[in-house]
Amino acid sequence: MNKAPQKRYDSLYRKHLSALKRQGKAESSIDLYSRAIRRVCEYFDSPPDTLNQEQPEGYFESLISTHSWSTIKVDPNGLQFFYKHVLKRHWQWLDIVKPSQERHLPDALALKGLERLINSTRERRYQTFILTCFRMGLRLGETLGIRMADIDSERGLLYVHQAKGKKDRFALLPKLTLQALRAYWATHRNPTLPFPRGHTPEEQCLARTPMDRGDTEVFQSHCQQRWHSQSDYHPHFASLLRHTPDRHGRQPTGDS
């Protein structure tokens with residue numbers, strides 16, 4: 001861009017970042033939405049407010065051949081946010097690009113392999129951690145963030161703080177998971193954390209922070225390597241943990 005268009009772009013880009021922060025977007029969303037503006041401006045070599053209705057169609061056609069559908073789905077949202085909150089214009093983007101919808105059921109063999117994976121370690125904290133993720137459909141960070149006060153054993157619910165989109169929510173707490181959490185807690189008796197940092201019961205009892213996220217990721221990677229040679233290996237282990245019937249509000253069988 002020449003000097004004048006570049007100055008215009010810089011001004012609009014700063015307003016875009018400011019609007020994203022004012023609207024309470026997460027850091028990851030700010031990064032993705034701002035990247036969408038940078039990408040389209042680089043493609044057309046012009047400020048984003050100069051685009052007409054026809055230009056984005058060619059842009060997304062080019063994007064399809066070079067980027068994943070996850071990127072292609074985010075970019076229209078970033079551009080639409082820019083037009084709504086920065087330019088104060090309405091622009092219908094939804095019909096420009098629309099990926100095909102695919103639905104897949106979890107691999108039943110992979111679920112059997114997951115049971116073997118849980119039993120592949122003798123460390124109760126990791127067994128309980130994976131069981132909690134799996135049975136409740138929680139993300140790694142959500143499980144690490146559990147506090148004892150979040151557990152409502154009478155109603156069978158868990159209060160999840162700052163879940164996806166920084167929104168709090170309730171998750172079903174199956175009886176089997178509650179029993180496993182109680183059994184593991186009895187080994188350390190930390191007053192606030194079910195998964196405290198530390199390697200000995202004494203360290204865990206006094207810990208004020210949960211166990212390290214990196215340790216759980218290393219354990220997960222190690223288990224995946226051991227599982228890889230099995231016929232029921234599933235390459236998307238972390239995703240499989242979350243996408244279970246429990247996540248959609250149905251009580252698992254065998255817990256009553």
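Biologist: What should I know before I start?

Modeller: The model is predicted, so local features need pLDDT of at least 70, side-chain atom pairs count only at pLDDT 80 or more, and totals for chains, interfaces and linings use all residues. Residues are numbered from 1 along each chain as its sequence is written, and side-chain values use heavy atoms, with hydrogens and water left out.

Biologist: How many residues does helix H2 have, and what span does it reach?

Modeller: Helices (H or I, at least four residues) and strands (E, at least two) are DSSP runs, numbered from the N terminus. The expected span of a helix is 1.5 Å times one less than its number of residues. Helix H2 covers residues 27–44, which is 18 residues, and from first C-alpha to last it reaches 26 Å, close to the 26 Å expected.

Biologist: Which residues of H2 are buried?

Modeller: Buried means under 20% relative accessible area, exposed means over 50%, and partly exposed lies in between (1.4 Å probe, protein chains only). In H2 the buried residues are Ile 30, Tyr 33, Ser 34, Ala 36, Ile 37, Arg 39, Val 40 and Cys 41. Contact means heavy atoms within 4.5 Å. The buried residues of H2 pack against helix H1 (3–22), helix H3 (55–64) and helix H4 (69–85).

Biologist: How is the packing of two helices described?

Modeller: Two packed helices are described by the angle between their axes and the distance between the axes. Axes are lines fitted to C-alpha atoms, for helices over the stretch in contact, and angles run from 0 to 180 degrees between N-to-C directions. Angles under 35 degrees count as roughly parallel, over 145 as roughly antiparallel, 65 to 115 as roughly perpendicular and the rest as oblique. The axes of H2 and H3 come within 11 Å and cross at roughly 100 degrees, so the two helices are roughly perpendicular to each other.

Biologist: Which residues of H2 and H3 meet?

Modeller: From H2 they are Ala 36, Arg 39, Val 40, Tyr 43 and Phe 44, and from H3 they are Gln 55, Gly 58, Tyr 59, Ser 62 and Leu 63. For classes, Ala, Val, Leu, Ile, Met, Phe, Trp, Tyr, Cys and Pro count as nonpolar, Asp, Glu, Lys and Arg as charged, and the others, Gly among them, as polar. The contact of H2 with H3 has 6 nonpolar, 3 polar and 1 charged residues.

Biologist: At what angle do H1 and H4 pack?

Modeller: Their angle is about 95 degrees and their axes are 10 Å apart. That makes H1 roughly perpendicular to H4. Leu 12, His 16, Ala 19 and Leu 20 of H1 make the contact with Gly 78, Phe 81, Phe 82 and His 85 of H4. By class, this contact of H1 with H4 has 5 nonpolar, 3 polar and no charged residues.

Biologist: How many aromatic pairs are there?

Modeller: Rings of Phe, Tyr and Trp (its six-membered ring) pair if their centres lie within 6.5 Å; planes under 30 degrees apart count as stacked, over 60 as edge-to-face and the rest as tilted. By this rule there are 9 aromatic pairs. The rings of Tyr 9 and Tyr 13 have centres 5.7 Å apart and planes at 25 degrees, so this pair is stacked. Both residues lie in helix H1, 4 residues apart, about one turn of the helix. Tyr 9 and Tyr 13 are both buried.

Biologist: Is the pair of Phe 44 and Tyr 59 stacked or tilted?

Modeller: The centres of their rings are 6.1 Å apart and the planes are at 45 degrees, so the pair is tilted. Phe 44 lies in helix H2 and Tyr 59 in helix H3, so the pair ties together parts that are 15 residues apart in sequence. Phe 44 counts as partly exposed at 21% relative accessibility, whereas Tyr 59 is buried at 2%. Ring pairs link Tyr 43, Phe 44 and Tyr 59 into a cluster.

Biologist: What is the phi of Asp 45?

Modeller: Phi of Asp 45 is near 55 degrees, a positive value in a residue other than glycine. Asp 45 is in the loop between H2 and H3 and counts as partly exposed at 47% relative accessibility.
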